[in-house]
Amino acid sequence: MAGTLGVLAFAVYPGYYFAPLLPGAMALASTRRTQWKRAALGFLAGAGLVVAPLEILTRVGHISYLRTLQHLPATVNQGDFGEGFSFLPRYLWQVEGPTGGLLLLLALPGLWALLTKHPAPLTRVVALAPLVAWLGHASLVFFAHQLVFYGRLVHFFLPFLVLYAGTALHLLRPGLLRRAATILLVGAALVHLGRFGRAYLALAYPRDVLAAYHLPPTAPLRYLNEGGVGPC
């Protein structure tokens, strides 16, 4: 199951190449060391359940799924390599507003609580694996200039930031202060969601623009590929 879920996340969006790290580490943490070899073989078998059908399907189309993974697309370098470590906090503040700022402030005490107050191996994996994934990608960006950070990559880490923030709230004493802080955080998220929703609904997408012209269903519409490549 760990192998299937981890590689499925990668197959859905290859930018999450570090996604198999979390379920793989959780599988090892919940398995005795004498059975790690068996767990690794099970992980590979689960990964094969995702990779094998994709390889077969792409072979039907005269390409190879595995071969396409040997080269990075050019788009992963369209950004600022200097933002390797600063992109996540800047994104949280500029895009998520006060909610992102609160999540960022609560992340470190939440991590500390997971590592010290809940010393179970699985808990430590959930605390450290996303951090290791973020540090690894940020290092590739900043030092190796191989990748960049962008919004969709950050989205992978947001659920864990919420988890860390929720854990940090449990450190507050007394209970009244904890409940007040929770209400503040949820309230800030709802206010931000409302402002975002209003701006989002004001956007006009191509389908909406076409609908405004009341074109008949039989009108010949031609889609142009501005990327300079043939139709696919």
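View 1. Leu54 is found in helix α3, which covers residues 36-60; helices here are DSSP runs of H or I with at least four residues, strands are runs of E with at least two, and both are numbered from the N terminus. What you're looking at is a predicted model, where local features need pLDDT of at least 70 and side-chain atom pairs count only at pLDDT 80 or more, while totals for chains, interfaces and linings use all residues. Residues are numbered from 1 along each chain as its sequence is written, and side-chain values use heavy atoms, with hydrogens and water left out. Is Leu54 buried or exposed, or partly exposed? With 26% relative accessibility, Leu54 counts as partly exposed (buried is under 20% relative accessible area, exposed is over 50%, and partly exposed is in between, using a 1.4 Å probe and protein chains only). Not counting residues up to four places away in sequence, Leu54 touches Ala11 and Tyr65; contact means heavy atoms within 4.5 Å. Ser64 sits 10 residues away from Leu54 along the chain, and their C-alpha atoms are separated by 8.7 Å.

**View 2. The largest nonpolar core.** A nonpolar core is a set of buried Ala, Val, Leu, Ile, Met, Phe, Trp, Tyr and Cys residues joined through side-chain atoms within 4.5 Å. The largest one here has 27 residues, and those touching the most other members are Tyr16, Phe18, Phe149, Val154, Phe156, Phe157 and Leu161. Two or more residues each come from α5 (87-96), α6 (98-116), α7 (121-144), α8 (151-155) and α9 (158-169). Which helix gives the most to this core? That's α7, with 6 residues. In soluble globular proteins, nonpolar side chains tend to be buried together.

**View 3. Rings around Tyr16.** Searching the whole structure turns up 15 aromatic pairs. Rings of Phe, Tyr and Trp (its six-membered ring) pair if their centres lie within 6.5 Å; planes under 30 degrees apart are stacked, over 60 edge-to-face, and the rest tilted. Tyr16 and Phe18 make a tilted pair, 6.4 Å centre to centre with 45 degrees between the planes. Tyr16 counts as buried because its relative accessibility is 17%, and Phe18 is buried too, at 7%. Phe156 and Phe160 have ring centres 5.9 Å apart and planes at 50 degrees, so this pair is tilted. Both Phe156 and Phe160 are buried. One aromatic cluster takes in Tyr13, Tyr16, Tyr17, Phe18, Phe156, Phe157 and Phe160. Leaving aside neighbours within four places in sequence, Tyr16 is in contact with Ala9, Phe10, Arg152, Leu153, His155 and Phe156.

**View 4. Where α5 meets α6.** These two helices pack at an angle of about 150 degrees, with their axes 6 Å apart (axes are lines fitted to C-alpha atoms, for helices over the stretch in contact, and angles run from 0 to 180 degrees between N-to-C directions). Pro89, Leu92, Trp93 and Glu96 of α5 meet Pro98, Thr99, Gly100, Gly101 and Leu104 of α6.

View 5. His192 lies in α10, residues 175-201. A polar atom of the His192 side chain is 3.5 Å from the backbone oxygen of Glu96. Apart from neighbours within four places in sequence, His192 is in contact with Val95, Glu96, Gly97 and Thr99. The helices α6 and α10 pack at about 145 degrees, their axes 9 Å apart. Thr99, Leu102 and Leu106 of α6 make this contact with Leu185, Ala188, Ala189 and His192 of α10.

Note on methods. Polar contact = N/O pair within 3.5 Å; in protein donor to acceptor, adjacent residues only side chain to side chain.
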